[in-house]
Structures are given as structure tokens and as C-alpha cells.
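This report covers strand pairing, a disulfide and aromatic contacts. The sequence and the model come first.

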Amino acid sequence: QVQLVESGGGLVQAGGSLRLSCAASRIIFSIYAMGWYRQAPGNQREMVATITSGGSANYADPMKGRFTISRDNAKNTVYLQMNNLEPEDTAVYYCNAVWLQAPLKYNYWGQGTQVTVSS
């Protein structure tokens, strides 16, 4: 079955950086839009950043200028570079893969990786 495996989470001090990776398997990675979402305790899951199959990136406003999403189709991997982290960025970060072929929608999630930012 399809697998999305995140890595790179951890504990970092405010102002620090982390780079998340998501390795995909058993999908034609290059045709999928990829994204990073996060969920903090008591909150709904929210979009962090997305990148289309063509490489166009979109960010939630609080992440603009601090986070960068990128993809390497040769490695079936999407990355999230997070700089200038804030305690408010503490959450479980999830990788997402979506392919729309109307009327079909293929949507997959990873298991998540914890990011904790200390003040």
C-alpha cells in the first residue's frame, strides 16, 4: 500500500531550524501534489505548505518567509525547511499526497512527526 514516512522532527529552541522529510512509496510521486499540515493539541489540523506536481508552492500566512517546501521527484521525497521556529510552531506535522483525476481523488497521509519548539 501507499506509504508516506516523515522524519526530521524533534526538539529545538525558539529561533532554531529543522528540516522535515517525507519519503513516498508505491505512488507515482511526480504527479501528486504534496503538502505539509500540522496539528497542535486541542486544535484542528491546518495547512502549512503545499507544492504542486509542477513545483508551485503555497504557504499559510504565518509560515511565509520562514518555511520552504520543496520536492525531489527523483527521490520521491518532499521537504519542509523550517527556520526561525517559534513555540507556536509546536505540533505534529503530517505529510499529505493528493492526486485529482475527476471524479476520482487519491489522498494519503503520513503518520506524523512531532516538532517541539521551546522558548
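Is Cys95 buried or exposed? Cys95 is buried, at a relative accessible area of 0%; buried means under 20%, exposed over 50% and partly exposed in between, with a 1.4 Å probe and protein chains only.

## Basis

The model is predicted: local features need pLDDT of at least 70, side-chain atom pairs count only at pLDDT 80 or more, and totals for chains, interfaces and linings use all residues. Residues are numbered from 1 along each chain as its sequence is written, and side-chain values use heavy atoms, with hydrogens and water left out.

## Disulfide

The structure holds one disulfide (a pair of cysteine sulfur atoms within 2.5 Å). Cys22 and Cys95 form it, with 2.1 Å between their sulfur atoms. The link is left-handed, at -80° about the S-S bond. Cys22 belongs to strand β3 and Cys95 to strand β9 (residues 91-101), so the pair ties together parts that are 73 residues apart in sequence. Strands are DSSP runs of E with at least two residues, numbered from the N terminus. Cys22 is also buried, with a relative accessible area of 0%.

## Sheet

An open, antiparallel sheet is formed by four strands in the order β1-β3-β8-β7; two strands pair if DSSP finds at least two bridges between them. Because β1 (3-7) and β7 (67-72) stand at the edges with a single partner strand each, one side of each is left without a neighbour in the sheet. Strand β3 (residues 18-25) pairs with strand β8 (residues 77-82) over six bridges, and Arg19 stands opposite Gln81 in β8.

Met82 lies in strand β8 and is buried at 0% relative accessibility. Not counting residues up to four places away in sequence, its contacts (heavy atoms within 4.5 Å) include Leu18, Leu20, Phe67, Tyr93 and Val115.

## Aromatic residues

The whole structure has four aromatic pairs. Rings of Phe, Tyr and Trp (its six-membered ring) pair if their centres lie within 6.5 Å; planes under 30 degrees apart count as stacked, over 60 as edge-to-face and the rest as tilted. Tyr32 and Tyr108 form a tilted pair, 6.2 Å centre to centre with 45° between the planes. Tyr32 is buried at 5% relative accessibility, whereas Tyr108 is partly exposed at 26%. Tyr37 and Trp109 form an edge-to-face pair, 5.1 Å centre to centre with 70° between the planes.

The charged end of Arg45 sits over the ring of Trp109, 4.6 Å from its centre, and over the ring of Tyr94, 3.7 Å from its centre. The criterion is NZ of Lys or CZ of Arg within 6 Å of the ring centre and within 35 degrees of the ring normal.
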